[in-house]
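Here is a short report on a protein model. Read it with the sequence and the coordinates open.

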Amino acid sequence: MSAVRTLFSFPNPVNEKAARFVAGVVLATVIAVLATGWYWLLIPLAYGFWARALTGPTLSPLGWAAQNLIAPRLGPKRPVPGPPKRFAQAIGAAMSTIALVLAFAVSHQAADGVLIAFLPAAGLESIFGYCLGCKAFSLLMRAGVVPESACEECADISARLRTASH
């Protein structure tokens, strides 16, 4: 049971540099699909989101490479809370799966509509470090939909306020 629990764990904290690299690859992949019509790329895109949402970087080749090869070369770690990042990966898993099903069962135009929604999310995360999924997680916590216990660090902003004031 311990091995299963370890497999389905998610890092906390997450190195924001790794997350931004992954978002950059997602952005490039979505642009490639939209520009070329290579809808088969939605298969590894959806797999990657599901792998990262369920196991963090463990079963995601992109997540593993981002965490272990790319991010360390980008300087010191930049830790951010893991639960909002996992939530963002789950949103990506749902959206990429919907796009995949639409592309092969309905129409490419329907899939394109979903893929276009990835552009601002992946662009903001990769370029500016602004995570829309994380912001949604925060709003859901404030609304009481997500319990504070899901992310103690997110619920207690006092440490971040102290860090910001220095």
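Proline 79 is exposed, because its relative accessibility of 54% is over the 50% cut-off. This is a predicted model. Proline 79 sits in strand β2, which spans residues 79–80. Which residues does proline 79 touch, leaving aside its neighbours within four places in sequence? The contacts are Pro13 and Val14. Valine 14 is 65 residues away from proline 79 in sequence, yet their C-alpha atoms are 5.4 Å apart.

The peptide bond from asparagine 12 to proline 13 is cis, with omega at about 10 degrees. Most peptide bonds are trans.

**Helix packing**

| Helix pair | Axis separation | Crossing angle |
|---|---|---|
| α3 (residues 42–55) and α5 (residues 82–105) | within 8 Å | roughly 155 degrees |
| α2 (residues 16–36) and α4 (residues 61–70) | within 9 Å | roughly 135 degrees |
| α2 and α6 (residues 108–128) | 8 Å | about 150 degrees |

Take α3 and α5 to begin with. Their axes cross at roughly 155 degrees. That makes the two helices roughly antiparallel. The crossing of α3 and α5 is left-handed. On the α3 side, the contact is made by Leu42, Ile43, Leu45, Ala46, Phe49, Trp50, Arg52, Ala53, Leu54 and Thr55. On the α5 side, it is made by Arg86, Gln89, Ala90, Gly92, Ala93, Ser96, Thr97, Ala99, Leu100 and Ala103. Sorted by class, the contact of α3 with α5 holds 13 nonpolar, five polar and two charged residues.

Now α2 and α4. Their axes cross at roughly 135 degrees. The two helices are therefore oblique to each other. The crossing of α2 and α4 is right-handed. Helix α2 brings Ala18, Phe21, Val22 and Val25 to this contact. Helix α4 brings Leu62, Gly63, Ala66, Gln67 and Ile70. How many charged residues are in the contact of α2 with α4? There are no charged residues, alongside seven nonpolar and two polar.

Helix α2 also packs against α6, at an angle of about 150 degrees. The crossing of α2 and α6 is left-handed. From α2 come Ala19, Arg20, Ala23, Gly24, Val26, Leu27, Val30, Ile31, Val33 and Leu34. They meet Asp112, Leu115, Ile116, Phe118, Leu119, Ala122, Gly123, Glu125, Ser126, Ile127 and Phe128 of α6. This contact of α2 with α6 counts 15 nonpolar, three polar and three charged residues.

**Two helix residues**

Isoleucine 91 lies in helix α5. Is isoleucine 91 buried, partly exposed or exposed? Its relative accessible area is 31%, so isoleucine 91 is partly exposed. The C-alpha atoms of isoleucine 91 and phenylalanine 118 are separated by 10 Å. Along the chain, these two residues are 27 residues apart.

Arginine 5 is in helix α1. With a relative accessible area of 58%, arginine 5 is exposed. Arginine 5 and threonine 55 are 50 residues apart in sequence. Their C-alpha atoms are 9.5 Å apart in space. Threonine 55 is one of the α3 residues in contact with α5.

**Cysteines**

How many disulfides does a search of the whole structure find? The search finds one. It joins cysteine 151 to cysteine 154, with an S to S distance of 2.1 Å. The torsion about this S-S bond is about 65 degrees, so the disulfide is right-handed.

Are the two partners buried or exposed? Cysteine 151 has 3% relative accessibility, so it counts as buried. Cysteine 154 has 19% and also counts as buried. The cut-off for buried is under 20%.

Cysteine 131 and cysteine 134 complete this section. Cysteine 131 is buried at 8% relative accessibility. Cysteine 134 is buried too, with a relative accessible area of 14%.

Terms used: Residues numbered from 1 in each chain as written. Predicted model: local features only at pLDDT ≥ 70, side-chain atom pairs only at ≥ 80, totals over all residues. Heavy atoms only, no water. Disulfide = S-S within 2.5 Å. Buried < 20%, exposed > 50% of the residue type's maximum accessible area, 1.4 Å probe, protein only. Axes fitted to C-alpha atoms, helices over the stretch in contact; angles between N-to-C directions. Helix = DSSP H or I, 4+ residues; strand = E, 2+ residues; numbered from the N terminus. Parallel < 35°, antiparallel > 145°, perpendicular 65-115°, else oblique. Left-handed = near helix turned anticlockwise from the far one by under 90°. Contact = heavy atoms within 4.5 Å. Nonpolar A, V, L, I, M, F, W, Y, C, P; charged D, E, K, R; others polar.
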